[in-house]
Amino acid sequence: MGRFLYFIEKAGNALPHPAILFGLLALATLILSALGAFFGWHATHPANGEQVDIVNLLSREGIHRIILYLVTNFTAFAPLGVVLVALLGLGVAESSGLIRASINYMLVKTPPQFITFMVIFAGLLSNAASEIGYVLVIPLAGIIFHSLGRHPIAGMSAAFAGVSGGYSANILIGTIDPLLAGLSTEAAHIIDPDYYVLPTANYFFMAVSTFAVTIVCTVVTVKWVEPRLGKYTGDVPREEIEYPTALEKKGLIRVGLVVLAWVILLLIGLLPENGFLRCDDGTVLGSPALKGFIALLFLAACSVGVVYGFTVGTFTKAEDVIDAMSNSMKTIASYLVLVFFAAQFVAWFNWSHIGLLIAINGASMLKEANIGLVPLIVIFVTFAACLNLFMGSAAAKWAVIGPVFVPIFMLLGYSPELAQAVYRVGDSVTNIITPMMSYFALIIVYYQKYDKNAGIGTLVATMLPFSIALYISWTLLLIGWVLLELPLGPGSPLYYGM
């Protein structure tokens with residue numbers, strides 16, 4: 001295990017910064033396009049029978065196109081706008097203290113016999129609000145377990161499994177959903193320029209996965225992790241749990257009323273046949289409520305954040321709300337740099353037809369192999385899980401492999417939404433055992449509070465049962481979902497017909 005971890009750490013650290021990686025991939029695309037044009041690489045499109053040739057981006061026309069569209073590649077990159085708008089709203093909710101108070105209230109009010117389930121569930125919900133799970137839920141879980149006479153590391157491990165191992169699962173829509181959907185849309189355009197992947201593309205599957213992941217991780221915690229750790233014998237004194245104040249309770253009640261008002265408004269707009277949120281033809285699929293979901297998320301998050309903030313006093317004037325939005329934007333400066341290079345790579349990869357040729361040939365090989373949908377799902381889940389050991393960012397990995405995965409799935413007759421769901425399962429299950437995960441070192445520090453000798457080996461040995469259990473159970477859930485032909489989300493089919 002030590003050698004295995006050493007190899008993973010060295011290999012992962014050898015990778016350049018994701019922004020540099022995308023820059024190198026973009027340059028490689030230029031060179032490959034020139035080589036492909038020189039050697040006459042081509043394929044026959046299975047949909048229309050036309051020959052697809054490589055486009056030389058180092059030609060006169062290609063260089064002109066690169067120069068003219070450098071800016072619009074960045075500004076029109078599908079994930080960029082939706083992530084920025086979502087963060088503006090979630091930034092208000094987070095800065096007001098609402099998300100922290102909600103999770104804290106949920107944990108401290110849970111009966112002791114349900115605390116393991118609720119710790120994991122809270123970790124899953126925290127994914128909707130950036131890093132709050134890592135900085136609040138995990139250490140708080142250790143304190144709660146310790147106060148109940150249980151091993152604090154078991155509590156933190158359970159929370160870590162929820163926050164990171166179940167990263168994609170949630171009953172709430174967070175920033176990762178529109179981000180991945182935007183990347184999937186860009187990748188789908190290689191085959192179908194008019195295809196659009198909704199931010200809610202995997203919502204039904206991920207909402208059910210939330211409870212499945214919670215149950216699996218609860219069983220692993222109780223049946224494996226706690227018995228292995230045994231009784232805590234350290235000298236760290238038990239800490240007092242902070243219970244919600246009367247003012248915080250008042251704020252949460254008011255937030256509940258605002259949420260109820262939003263629900264009623266949505267129902268009025270969607271339930272009647274002539275509802276104002278329906279399409280012109282009266283349908284719900286493709287309506288502003290779905291396609292414009294990020295706008296609704298922004299408005300709802302802002303409203304509940306403002307109500308809570310002014311109730312408890314974290315906001316005292318309108319400028320505080322603007323400051324909250326500004327602070328949320330400061331946290332993604334490195335993301336903007338990353339997106340610039342990723343946008344160029346995705347655009348050039350699309351223009352060159354390299355991705356299309358890889359997809360056509362890859363789909364042809366898979367068709368000839370006749371492995372079927374279930375083995376295909378297992379292969380891609382496993383590939384994403386292994387890749388996650390060496391490259392941490394979920395968005396960065398999908399930006400690299402999405403332009404290959406999504407077209408292959410589409411050419412085989414499966415939807416981009418399914419390709420995205422398969423990736424999300426594989427990307428999540430190994431988060432808790434890879435040193436490349438950005439908060440891996442922080443979790444070790446949390447462990448060392450209660451065990452000074454804890455290190456990488458301690459963390460991986462504790463979390464490996466969670467990872468194995470999630471890999472098996474979540475993959476089986478996805479396979480069962482597909483075999484039952486259940487929709488992955490609103491307006492998100494399993495199959496694609498060219």
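This is a predicted model: local features need pLDDT of at least 70, side-chain atom pairs count only at pLDDT 80 or more; totals for chains, interfaces and linings use all residues.
Residues are numbered from 1 along each chain as its sequence is written. Local features need pLDDT of at least 70, side-chain atom pairs count only at pLDDT 80 or more, totals for chains, interfaces and linings use all residues, and side-chain values use heavy atoms, with hydrogens and water left out.

A cavity is a set of points, on a 1 Å grid over the protein atoms alone, where a 1.4 Å probe fits but cannot get out, and its lining residues have an atom within 4 Å of a point. Volume is the space filled by probe spheres set on the points, which are joined across faces, edges and corners.

The largest cavity holds about 70 Å³ of space. It is lined by 12 residues, of which F77, Y335, V339, A342 and A395 are the closest to its centre. At least two lining residues come from each of α9 (176–188), α15 (333–352) and α18 (394–411), helices being DSSP runs of H or I with at least four residues, numbered from the N terminus. The most is given by α15, with 4 residues. The lining comprises 12 nonpolar residues, with no polar and no charged ones; Ala, Val, Leu, Ile, Met, Phe, Trp, Tyr, Cys and Pro count as nonpolar, Asp, Glu, Lys and Arg as charged, and the others, Gly among them, as polar.

The second largest cavity has a volume of about 40 Å³. Among its 10 lining residues, N127, N170, G174, I176 and D177 are the closest to the centre. This lining divides into 4 nonpolar, 4 polar and 2 charged residues.

Helix α8 (residues 152–165) is mostly covered, with 14 of its 14 residues buried, that is, under 20% relative accessible area with a 1.4 Å probe and protein chains only.

Notes
On a 1 Å grid over the protein atoms alone, a cavity is a set of points where a 1.4 Å probe fits but cannot get out, and a pocket is an open set with protein on both sides within 12 Å along at least five of seven lines; lining residues have an atom within 4 Å of a point. Buried means under 20% relative accessible area, exposed over 50%, partly exposed in between (1.4 Å probe, protein chains only).
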